[in-house]
Amino acid sequence: YLKISKLALAFAIIHSKPPGKSSKEYTEYLAKTVSEQDFGWKWKVEVLEAEVLRLRQELLLTRISPRFCLENRKQDTSAETLLGQESINPTSYSSQLEDSGCDVCNDSAFDSLGRASDFHQSEHNVSASKHWLERVPPLTLCHTSKVQSVTAPVHFLQRLLEIRNLSEGGILQADFSELENDSFTICNSVSQLLDGLTFFYNSPKFPAPSFLAEGVRVLISLITDTKLSNHVLKKCFKKMEEFEKNLIQIILRNRSVNRFQALHSVSETLGLLGRNNILRNSLISLLLSEVRQFAEQLLQAHQVVQSVYDITQYENIFFLCTVLEQLLQNETEESNISSSHYGGEEKIKFLKNLDQIVLHLSDEFPLFSLYLWRVSVLLNSGQMQ
């Protein structure tokens with residue numbers, strides 16, 4: 001049946017092709033037309049899904065603190081008015097889109113995250129998205145969508161943190177038990193932010209756009225907040241762990257010539273994630289595993305005559321060693337945490353043959369051997385405590 005269908009389609013294309021075009025050219029034209037239509041529908045679905053998530057975020061914030069959301073709506077009236085004016089004036093709307101941060105190198109469009117977030121949140125309005133779909137090229141839409149994947153959840157999480165701070169100071173009443181009743185919204189918001197950060201870390205621009213730095217700041221504030229972090233990690237721990245793994249692989253696999261500035265930024269984010277005790281334990285295990293595997297591969301290459309090793313990965317591994325040492329130091333310095341519990345099975349594997357590895361590598365790779373020794377000292381000191 002499938003073969004007959006394909007043959008029938010081929011005959012139909014041949015019979016219907018316009019004069020002056022070959023069957024191959026006409027087939028490619030039809031395929032391109034269909035793919036563009038598919039992209040349009042997919043983009044409309046994404047816009048509608050984003051709008052649904054935004055409404056769920058608004059509803060969740062309203063349930064947590066009705067008074068805060070009421071006051072916030074009054075402040076957002078000017079933004080809604082601006083959106084209405086831009087819908088009436090397409091030329092002005094189009095010109096603003098060109099400077100709205102579609103090119104992530106243009107930091108001037110993101111001089112204030114508040115304004116950028118409000119603008120992108122407004123773009124999620126269904127009526128506005130119709131103008132957007134009609135007037136912006138698909139490539140620009142894709143790139144702007146990636147920017148929104150950071151700015152949209154950041155705006156929601158910022159407001160959640162603001163409610164938390166106001167309630168802590170006794171200025172506002174808030175019921176954070178509502179987070180337990182709507183795991184979908186909080187999980188999707190955090191996941192969207194993590195995916196957006198991963199995308200931009202994979203293709204870094206310098207100087208880094210301000211919305212990226214703000215996204216990291218909000219994420220760290222969220223996971224270090226004593227009340228909110230439990231709600232978030234309970235529902236999003238696997239996603240957070242996946243984000244840690246992605247950042248580690250971004251460091252190890254980066255082979256660009258001018259990569260060190262980008263890798264320094266990623267390693268700093270890893271260090272900040274380690275401020276949370278739960279994430280710190282999982283991150284230490286992941287780093288111990290990667291450093292141990294690389295040390296074993298380096299030893300194996302060293303023992304084979306005229307063998308070669310990956311010099312780029314050797315240079316990159318020092319970023320992981322630095323983060324690992326920093327996390328272990330933080331762990332042992334905090335007296336209220338039992339240092340003997342971190343690392344687990346990976347700690348045992350790391351220490352098992354470490355003396356032999358350091359002995360064989362110390363002559364040719366003294367700096368790496370020194371890092372291994374320093375990590376082992378921190379692990380053993382934690383064990384002795």
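Thr-198 is buried, with a relative accessible area of 12%; here buried means under 20% relative accessible area, exposed means over 50%, and partly exposed lies in between (1.4 Å probe, protein chains only). The residue sits in helix H10 (residues 183-202), where helices (H or I, at least four residues) and strands (E, at least two) are DSSP runs numbered from the N terminus. The side chain of Thr-198 reaches back to the backbone oxygen of Leu-194 at 2.8 Å. Such a polar contact is a pair of N or O atoms within 3.5 Å; within protein, one must be able to donate a hydrogen and the other to accept it, and residues adjacent in sequence count only if both atoms are side-chain atoms. Leaving aside residues up to four places away in sequence, Thr-198 touches Phe-243, Asn-246 and Ile-250, with contact meaning heavy atoms within 4.5 Å.

The model is predicted, so local features need pLDDT of at least 70 and side-chain atom pairs count only at pLDDT 80 or more, while totals for chains, interfaces and linings use all residues. Residues are numbered from 1 along each chain as its sequence is written, and side-chain values use heavy atoms, with hydrogens and water left out.

Taken as a whole, the protein chain has 18 helices and 0 strands. Of its 385 residues, 43% are buried. Among contacts with a separation of 6 or more, 77% come from residues 24 or more positions apart.

Gly-215 counts as buried because its relative accessibility is 0%. Its C-alpha atom is separated by 7.3 Å from that of Thr-151, 64 residues apart along the chain. Not counting residues up to four places away in sequence, Gly-215 touches Val-150, Val-154, Leu-193 and Leu-197.

Helix packing comes next. The axes of helix H12 (residues 228-253) and helix H15 (residues 311-333) come within 7 Å and cross at roughly 145 degrees. These axes are lines fitted to C-alpha atoms, for helices over the stretch in contact, and angles run from 0 to 180 degrees between N-to-C directions. From H12, Ile-248, Ile-251 and Leu-252 meet Gln-313, Asn-316, Ile-317, Phe-319 and Leu-320 of H15. By class, this contact has 6 nonpolar, 2 polar and no charged residues; Ala, Val, Leu, Ile, Met, Phe, Trp, Tyr, Cys and Pro count as nonpolar, Asp, Glu, Lys and Arg as charged, and the others, Gly among them, as polar.

The structure holds 13 aromatic pairs, in which rings of Phe, Tyr and Trp (its six-membered ring) have centres within 6.5 Å; planes under 30 degrees apart count as stacked, over 60 as edge-to-face and the rest as tilted. One of them joins Phe-318 and Phe-368 edge-to-face, at 6.2 Å centre to centre and 85 degrees between the planes. This pair links distant parts of the chain, with Phe-318 in helix H15 and Phe-368 in helix H18 (residues 366-384), 50 residues apart. Phe-318 is buried, with a relative accessible area of 15%, and Phe-368 is buried at 0%. Phe-318 also forms an edge-to-face pair with Tyr-371, at 5.5 Å centre to centre and 65 degrees between the planes. Ring pairs link Phe-294, Tyr-309, Tyr-314, Phe-318, Phe-365, Phe-368 and Tyr-371 into a cluster.
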